[in-house]
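Student: I have a structure open and would like to go through it. Can we take it piece by piece?
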Amino acid sequence: MVSGTGGKDMDYRILVVEDEPDINNLLARILREEDYKVSQAFSGTEAKMATEREMPDLILLDLMLPGMSGEELLQDLRENRKSHIPVIVISAKGLLEDKVSLLKMGADDYITKPFEPEEVAARVQANLRRWGKAPETEKPLTYKNLKLSPSARKVTLRGKELALTGHEFDILYLLMKNPEKVYSRELLYEQVWHGGYYGENNTVNVHVSNIRKKIKEEDPGEEYIQTVYGIGFKLPQA
Ligand code: CA
(Lines give C-alpha, C1' and ligand atoms only; values in the text may rest on other atoms or scores of the structure.)
Protein backbone atom coordinates (compact mmCIF):
# COMPACT_ATOMS: atom_id res chain seq x y z
CA MET A 1 0.00 0.00 0.00
CA VAL A 2 1.09 3.50 -0.64
CA SER A 3 1.84 5.11 2.64
CA GLY A 4 0.84 8.65 3.29
CA THR A 5 -2.18 10.67 3.96
CA GLY A 6 -4.57 9.33 1.37
CA GLY A 7 -7.58 11.55 1.40
CA LYS A 8 -8.17 11.49 5.10
CA ASP A 9 -7.78 15.10 6.11
CA MET A 10 -8.60 16.58 2.75
CA ASP A 11 -11.87 14.83 2.11
CA TYR A 12 -11.20 14.31 -1.56
CA ARG A 13 -14.06 13.00 -3.65
CA ILE A 14 -13.34 10.74 -6.57
CA LEU A 15 -15.68 9.67 -9.33
CA VAL A 16 -15.04 6.28 -10.89
CA VAL A 17 -16.46 5.95 -14.41
CA GLU A 18 -16.35 2.40 -15.70
CA ASP A 19 -19.09 0.26 -17.20
CA GLU A 20 -17.75 -3.10 -16.08
CA PRO A 21 -19.11 -3.52 -12.56
CA ASP A 22 -16.24 -5.75 -11.37
CA ILE A 23 -13.60 -3.23 -12.38
CA ASN A 24 -15.62 -0.28 -11.15
CA ASN A 25 -16.12 -1.93 -7.76
CA LEU A 26 -12.48 -2.91 -7.58
CA LEU A 27 -11.37 0.68 -8.23
CA ALA A 28 -13.86 1.99 -5.69
CA ARG A 29 -12.57 -0.46 -3.11
CA ILE A 30 -8.94 0.50 -3.72
CA LEU A 31 -9.76 4.18 -3.30
CA ARG A 32 -11.94 3.71 -0.24
CA GLU A 33 -9.10 1.85 1.39
CA GLU A 34 -7.10 5.02 0.87
CA ASP A 35 -9.86 6.95 2.65
CA TYR A 36 -11.16 8.80 -0.36
CA LYS A 37 -14.85 9.42 -0.78
CA VAL A 38 -15.89 7.51 -3.88
CA SER A 39 -18.88 7.75 -6.17
CA GLN A 40 -19.41 5.39 -9.07
CA ALA A 41 -20.87 5.86 -12.53
CA PHE A 42 -21.43 3.02 -14.98
CA SER A 43 -21.99 5.00 -18.17
CA GLY A 44 -20.83 8.27 -19.66
CA THR A 45 -24.24 9.82 -19.27
CA GLU A 46 -24.45 8.83 -15.64
CA ALA A 47 -21.00 10.34 -15.12
CA LYS A 48 -22.02 13.59 -16.78
CA MET A 49 -25.05 13.88 -14.53
CA ALA A 50 -22.94 13.13 -11.48
CA THR A 51 -20.46 15.89 -12.35
CA GLU A 52 -23.32 18.31 -12.94
CA ARG A 53 -24.71 17.61 -9.51
CA GLU A 54 -21.34 18.07 -7.88
CA MET A 55 -17.92 18.21 -9.43
CA PRO A 56 -15.59 15.65 -7.82
CA ASP A 57 -11.93 16.38 -7.09
CA LEU A 58 -10.71 13.76 -9.54
CA ILE A 59 -12.18 11.41 -12.13
CA LEU A 60 -11.00 7.93 -13.08
CA LEU A 61 -12.33 7.53 -16.57
CA ASP A 62 -12.74 4.47 -18.74
CA LEU A 63 -12.93 5.32 -22.45
CA MET A 64 -15.17 2.63 -23.91
CA LEU A 65 -18.52 3.33 -22.32
CA PRO A 66 -22.08 2.80 -23.45
CA GLY A 67 -23.74 5.99 -24.68
CA MET A 68 -21.47 8.94 -24.14
CA SER A 69 -17.85 7.79 -24.47
CA GLY A 70 -15.04 8.69 -22.10
CA GLU A 71 -13.52 10.94 -24.77
CA GLU A 72 -16.78 12.81 -25.17
CA LEU A 73 -17.15 13.27 -21.44
CA LEU A 74 -13.60 14.57 -21.18
CA GLN A 75 -14.17 16.97 -24.02
CA ASP A 76 -17.37 18.19 -22.43
CA LEU A 77 -15.60 18.81 -19.13
CA ARG A 78 -12.70 20.68 -20.64
CA GLU A 79 -14.24 22.57 -23.50
CA ASN A 80 -17.82 23.21 -22.51
CA ARG A 81 -17.55 23.39 -18.78
CA LYS A 82 -14.00 24.72 -18.47
CA SER A 83 -13.23 22.33 -15.67
CA HIS A 84 -9.60 21.65 -14.85
CA ILE A 85 -10.07 18.85 -12.37
CA PRO A 86 -7.65 15.95 -12.81
CA VAL A 87 -8.85 13.15 -15.06
CA ILE A 88 -6.99 9.86 -15.15
CA VAL A 89 -7.94 7.66 -18.08
CA ILE A 90 -8.15 3.94 -17.50
CA SER A 91 -8.05 1.80 -20.59
CA ALA A 92 -7.03 -1.61 -21.81
CA LYS A 93 -3.43 -1.73 -22.95
CA GLY A 94 -3.96 -2.17 -26.68
CA LEU A 95 -6.58 0.53 -26.83
CA LEU A 96 -4.34 3.23 -25.49
CA GLU A 97 -2.35 3.71 -28.67
CA ASP A 98 -2.79 7.39 -28.95
CA LYS A 99 -1.61 8.63 -25.59
CA VAL A 100 -0.47 11.95 -26.97
CA SER A 101 -3.84 12.90 -28.35
CA LEU A 102 -5.44 11.75 -25.13
CA LEU A 103 -3.26 14.08 -23.13
CA LYS A 104 -3.87 16.85 -25.66
CA MET A 105 -7.56 16.32 -25.19
CA GLY A 106 -7.13 17.14 -21.56
CA ALA A 107 -6.45 13.89 -19.70
CA ASP A 108 -3.87 14.37 -16.97
CA ASP A 109 -2.65 10.82 -16.76
CA TYR A 110 -3.54 7.28 -17.73
CA ILE A 111 -3.46 3.82 -16.26
CA THR A 112 -3.60 0.69 -18.37
CA LYS A 113 -5.69 -2.35 -17.51
CA PRO A 114 -4.87 -4.66 -15.87
CA PHE A 115 -3.58 -2.43 -13.11
CA GLU A 116 -2.07 -2.91 -9.68
CA PRO A 117 -3.94 -1.36 -6.75
CA GLU A 118 -0.73 0.36 -5.65
CA GLU A 119 -0.40 2.01 -9.01
CA VAL A 120 -3.95 3.35 -8.94
CA ALA A 121 -3.49 4.75 -5.43
CA ALA A 122 -0.16 6.34 -6.32
CA ARG A 123 -1.42 7.96 -9.51
CA VAL A 124 -4.47 9.36 -7.80
CA GLN A 125 -2.41 10.79 -5.00
CA ALA A 126 0.13 12.33 -7.36
CA ASN A 127 -2.55 13.98 -9.46
CA LEU A 128 -4.41 15.33 -6.46
CA ARG A 129 -1.20 16.75 -5.09
CA ARG A 130 -0.47 18.52 -8.36
CA TRP A 131 -4.04 19.78 -8.39
CA GLY A 132 -3.54 21.19 -4.90
CA LYS A 133 -2.02 24.21 -6.57
CA ALA A 134 -5.24 25.40 -8.01
CA PRO A 135 -4.96 27.72 -10.99
CA GLU A 136 -5.95 31.34 -10.64
CA THR A 137 -9.25 31.03 -12.44
CA GLU A 138 -10.52 28.41 -10.04
CA LYS A 139 -10.17 30.59 -6.97
CA PRO A 140 -13.35 30.90 -4.94
CA LEU A 141 -15.38 34.02 -5.66
CA THR A 142 -17.39 36.05 -3.19
CA TYR A 143 -20.09 38.63 -3.70
CA LYS A 144 -22.06 40.04 -0.79
CA ASN A 145 -23.04 36.92 1.20
CA LEU A 146 -22.43 34.54 -1.71
CA LYS A 147 -19.42 32.27 -1.96
CA LEU A 148 -18.78 30.29 -5.13
CA SER A 149 -16.22 27.55 -5.51
CA PRO A 150 -15.54 26.91 -9.22
CA SER A 151 -13.70 23.64 -8.75
CA ALA A 152 -16.34 22.15 -6.46
CA ARG A 153 -19.12 23.86 -8.45
CA LYS A 154 -20.66 24.82 -5.16
CA VAL A 155 -22.35 28.00 -4.05
CA THR A 156 -23.09 28.90 -0.47
CA LEU A 157 -25.12 31.82 0.82
CA ARG A 158 -24.58 32.76 4.45
CA GLY A 159 -22.90 29.40 4.81
CA LYS A 160 -25.81 27.42 3.42
CA GLU A 161 -25.37 25.55 0.15
CA LEU A 162 -27.65 26.61 -2.68
CA ALA A 163 -29.06 23.78 -4.77
CA LEU A 164 -28.35 25.17 -8.23
CA THR A 165 -28.59 23.28 -11.49
CA GLY A 166 -25.55 23.20 -13.77
CA HIS A 167 -26.83 26.04 -15.93
CA GLU A 168 -27.87 28.15 -12.97
CA PHE A 169 -24.40 27.70 -11.53
CA ASP A 170 -22.77 28.71 -14.82
CA ILE A 171 -24.86 31.89 -15.04
CA LEU A 172 -24.05 32.91 -11.49
CA TYR A 173 -20.38 32.06 -12.03
CA LEU A 174 -20.21 34.41 -15.03
CA LEU A 175 -21.95 37.21 -13.17
CA MET A 176 -19.72 36.79 -10.11
CA LYS A 177 -16.56 36.76 -12.20
CA ASN A 178 -17.39 40.25 -13.42
CA PRO A 179 -19.63 42.10 -10.99
CA GLU A 180 -21.09 45.27 -12.46
CA LYS A 181 -20.59 44.00 -15.99
CA VAL A 182 -23.88 43.88 -17.82
CA TYR A 183 -24.50 40.55 -19.50
CA SER A 184 -27.06 40.52 -22.27
CA ARG A 185 -29.37 37.52 -22.45
CA GLU A 186 -27.77 36.60 -25.76
CA LEU A 187 -24.28 36.61 -24.27
CA LEU A 188 -25.33 34.58 -21.24
CA TYR A 189 -27.05 32.11 -23.51
CA GLU A 190 -24.00 31.84 -25.75
CA GLN A 191 -21.59 31.33 -22.87
CA VAL A 192 -23.69 28.99 -20.79
CA TRP A 193 -25.34 26.92 -23.51
CA HIS A 194 -22.36 27.27 -25.82
CA GLY A 195 -23.73 28.74 -28.95
CA GLY A 196 -26.90 27.88 -30.72
CA TYR A 197 -29.64 30.27 -31.61
CA TYR A 198 -30.99 32.34 -28.77
CA GLY A 199 -33.94 33.69 -30.72
CA GLU A 200 -37.05 34.53 -28.80
CA ASN A 201 -36.84 31.89 -26.17
CA ASN A 202 -37.11 32.59 -22.54
CA THR A 203 -34.45 30.21 -21.26
CA VAL A 204 -32.12 32.76 -19.68
CA ASN A 205 -34.96 34.62 -17.95
CA VAL A 206 -36.31 31.42 -16.48
CA HIS A 207 -32.93 30.41 -15.12
CA VAL A 208 -32.19 33.84 -13.70
CA SER A 209 -35.55 33.92 -11.98
CA ASN A 210 -34.85 30.47 -10.48
CA ILE A 211 -31.50 31.67 -9.15
CA ARG A 212 -33.15 34.75 -7.67
CA LYS A 213 -35.78 32.62 -5.97
CA LYS A 214 -33.17 30.38 -4.41
CA ILE A 215 -31.12 33.35 -3.24
CA LYS A 216 -34.16 35.14 -1.86
CA GLU A 217 -35.08 32.19 0.34
CA GLU A 218 -31.77 32.56 2.15
CA ASP A 219 -31.17 36.28 1.96
CA PRO A 220 -34.40 38.18 1.27
CA GLY A 221 -33.14 41.62 2.23
CA GLU A 222 -30.30 41.90 -0.23
CA GLU A 223 -30.30 42.57 -3.97
CA TYR A 224 -28.16 40.22 -6.01
CA ILE A 225 -29.03 39.93 -9.69
CA GLN A 226 -30.22 43.20 -11.14
CA THR A 227 -32.18 43.52 -14.37
CA VAL A 228 -30.77 46.13 -16.68
CA TYR A 229 -33.81 47.18 -18.63
CA GLY A 230 -33.67 46.32 -22.30
CA ILE A 231 -30.23 44.74 -22.00
CA GLY A 232 -29.81 41.94 -19.52
CA PHE A 233 -28.44 41.32 -16.05
CA LYS A 234 -25.64 42.30 -13.74
CA LEU A 235 -24.63 42.18 -10.12
CA PRO A 236 -24.89 45.68 -8.68
CA GLN A 237 -21.95 47.18 -6.86
CA ALA A 238 -21.50 45.38 -3.55
CA1 CA B 1 -15.48 -0.16 -20.75
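Student: At what angle do helix α6 and helix α7 pack, and how far apart are their axes?
Tutor: This is a predicted model. In it, α6 (residues 166-177) and α7 (residues 185-193) pack at an angle of about 120 degrees. Their axes are 10 Å apart.
Student: Why give an angle and a distance?
Tutor: Those two values, taken between the axes, are how a pair of packed helices is described.
Student: OK. What do you call the orientation of α6 and α7 to each other?
Tutor: Oblique. Angles of 65 to 115 degrees would count as roughly perpendicular and those over 145 as roughly antiparallel, so the pair with an angle of about 120 degrees falls under oblique.
Student: Left-handed or right-handed crossing?
Tutor: α6 and α7 make a right-handed crossing.
Student: Which residues meet there?
Tutor: From α6, H167, D170, I171 and L174. They meet L188, Q191, V192 and W193 of α7.
Student: New topic. What is the strand order in the open sheet of 4 strands?
Tutor: The order is β6-β7-β8-β9, and the pairing is antiparallel. β6 (141-143) and β9 (160-161) are the edge strands, each pairing on one side only.
Student: Where does α6 touch that sheet?
Tutor: α6 packs on it and touches β6, β7 and β8 (154-157). The direction of α6 makes about 110 degrees with that of β7.
Student: And how many bridges join β6 to β7?
Tutor: There are 3 bridges between β6 and β7 (residues 146-149), and the two strands run antiparallel. Y143 stands opposite L146, which is in β7.
Student: Are β4 and β5 parallel or antiparallel?
Tutor: Parallel: β4 (residues 87-92) pairs with β5 over 5 bridges. For I90, the bridge partner in β5 is I111.
Student: Which residues of helix α3 are buried?
Tutor: In α3 (residues 70-80), G70, L73, L74, D76, L77 and R78 are buried. After α3 comes K82, with a positive phi near 50 degrees.
Student: Back to the whole chain. How many helices and strands does it have?
Tutor: The chain has 8 helices and 12 strands. It has 238 residues, and 45% of them count as buried.
Student: What share of the contacts comes from residues 24 or more positions apart?
Tutor: They account for 59% of the contacts with a separation of 6 or more.

Note on methods: Residues numbered from 1 in each chain as written. Predicted model: local features only at pLDDT ≥ 70, side-chain atom pairs only at ≥ 80, totals over all residues. Heavy atoms only, no water. Buried < 20%, exposed > 50% of the residue type's maximum accessible area, 1.4 Å probe, protein only. Contact = heavy atoms within 4.5 Å. Pairing = 2+ DSSP bridges. Axes fitted to C-alpha atoms, helices over the stretch in contact; angles between N-to-C directions. Parallel < 35°, antiparallel > 145°, perpendicular 65-115°, else oblique. Left-handed = near helix turned anticlockwise from the far one by under 90°.
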